[in-house]
Amino acid sequence: MTQEKSFNLLSFSGKMKILHFSWIAFFITFFVWFNHAPLLGMIAESLGLTKSEIKTLLILNVALTIPARIIIGMLTDKYGPRITYAALLFLASIPCFAFALSTDFAQAAISRFLLGFIGAGFVIGIRMVSEWFPANELGTAEGIYGGWGNFGSAAAAMTLPTLAIMFGGEDGWRYAIGLSGLFSLVFSFIWYKNVSDTPKGSTYFKPKRIGGLEVTSKADFVFLLFMKIPLYAALALLTWKLSPAGVSILSDTAALSIYLLLGAIFIYDCYSSYSVNKEIFHTPVPEMQRYEFKQVAVLNVLYFATFGSELAVVSMLPLFFSDVFELSMVYAGLLASAYAFMNLMSRPGGGWISDRFGRKKTLLILTAGLAAGYATMSMIDSSWPLALAVIAAMACSFFVQAGEGAVFAVVPLIKRRLTGQIAGMTGAYGNVGAVFYLTVLSMVDYSTFFSVIAATAVLGFITLLFLKEPKGHMAEINEDGSVALIKVN
């Protein structure tokens with residue numbers, strides 16, 4: 001695959017150079033995506049925002065990421081990670097600058113909504129890393145990419161308030177956010193100049209058509225359409241939260257219009273998927289080129305429970321510690337930040353364990369630990385020693401983030417030329433999970449919230465029983481018609 005055989009994190013050549021550039025690109029996307037979170041107090045004061053408008057910005061920040069991950073996955077498979085990541089980093093800097101220059105809620109809301117697109121950058125690197133690393137190192141490499149890149153949100157929380165204070169004045173937050181956009185803009189050129197889609201001499205396999213995920217049987221086509229429904233349901237749920245039934249930002253008429261638009265897009269999406277896959281209805285796909293869509297569906301459910309719960313818990317954990325143990329928000333936020341900090345080691349750890357001991361076995365163990373971890377957190381109350389509660393949260397976060405790493409140790413081993421789209425759909429399910437869990441949180445107490453996550457983890461464990469351990473080789477067809485076999489274990 002590459003001339004460099006060793007896995008040496010201190011190396012900056014060959015495949016390791018690609019890994020480092022990839023996680024830095026992902027780090028920047030998350031740094032920019034969550035650059036508003038630690039500055040909300042300053043932003044609200046500067047723009048005169050109400051509590052309802054602040055909540056709306058948080059919702060808008062994640063809304064576009066669900067369809068964006070699907071779209072970016074398609075573009076990555078079609079045009080390659082080099083061009084796609086460079087374009088995303090470049091274009092996303094524009095709404096970032098616009099948010100920094102906002103003078104009222106409407107401008108801030110529109111730019112924040114558009115900035116949700118940068119949250120899709122994750123799926124690009126999944127395909128890039130899978131092109132450069134062999135199967136026996138892929139889980140570790142993808143785990144490092146995901147874990148170190150995901151730390152961008154925590155880095156934003158730790159550095160941007162200080163930067164805003166250093167710039168000073170009521171516009172300090174604007175300079176801090178603008179600077180993050182400048183990082184994205186500059187790195188788009190650095191990325192493009194320094195990476196290539198594949199090692200020299202390797203083929204970059206592309207999907208036959210763009211517009212929908214290819215499947216290889218009639219039953220899988222029906223299954224694909226079924227698995228699209230939660231993606232649109234999550235967007236409908238976000239619309240409901242913005243309607244008079246939620247925070248009353250949208251009128252009933254506007255909400256109804258969005259529901260109708262989502263329905264129309266869903267119908268078009270189904271038709272587009274049929275256009276891509278219509279050949280399977282009259283010409284069977286050769287056995288060698290087939291893959292089972294249930295593999296993708298299982299990973300979707302697992303990422304719903306892992307990354308979905310992480311996004312939700314990171315959002316509420318400071319308030320949880322503050323309410324249950326009567327702590328100041330500053331102290332509670334400091335304790336809660338350790339949950340996200342675990343990403344640096346947990347996610348790579350999950351990928352590494354998966355490489356060493358098997359994909360399915362690792363996922364079964366981590367998912368069981370995830371369910372037990374959240375079940376334990378559901379029992380935390382004020383009678384617990386604070387240190388024990390923090391330890392329980394940290395232990396739970398290990399299983400959550402290691403599980404994420406183990407999921408994406410499998411994603412690139414299903415069908416190489418569709419890796420971007422599969423990663424996009426699985427990644428989008430993580431955001432769907434976050435929307436679902438945060439909606440549950442708005443309706444129930446903390447204990448029930450954690451119990452619901454534990455229950456979905458149990459569901460994930462059951463679906464895992466249907467996952468097949470990747471073995472042997474997957475087949476791709478070269479442009480000259482010859483068959484290329486790619487080792488998957």
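How many salt bridges does the rule find across the interface of domain 1 and domain 2? The rule finds one. A salt bridge here is a side-chain nitrogen of Lys or Arg within 4 Å of a carboxyl oxygen of Asp or Glu.

## Basis

This is a predicted model, where local features need pLDDT of at least 70 and side-chain atom pairs pLDDT 80 or more, while totals for chains, interfaces and linings use all residues. Residues are numbered from 1 along each chain, and side-chain values use heavy atoms, without hydrogens and water.

## Two domains

Domain 1 spans 12–197 and domain 2 spans 285–488. These bounds come from an automatic or database domain assignment. The C-alpha centres of the two domains are 21 Å apart. Their contact (heavy atoms within 4.5 Å) takes 32 residues from domain 1 and 36 residues from domain 2.

Together the domains bury about 2600 Å², with 66% of it on carbon and sulfur atoms. Buried area is the accessible area (1.4 Å probe) lost when two parts are put together, summed over both.

## A salt bridge

Arg416 and Glu131 join their side chains in a salt bridge, at 3.8 Å from N to O.

## Helices H1 and H8

H1 covers residues 14–33 and H8 covers residues 135–150. Their axes come within 7 Å and cross at roughly 35 degrees. Axes are lines fitted to C-alpha atoms over the stretch in contact, with angles from 0 to 180 degrees between N-to-C directions. Helices are DSSP runs (H or I, at least four residues).

Conventions: Helices (H or I, at least four residues) and strands (E, at least two) are DSSP runs, numbered from the N terminus.
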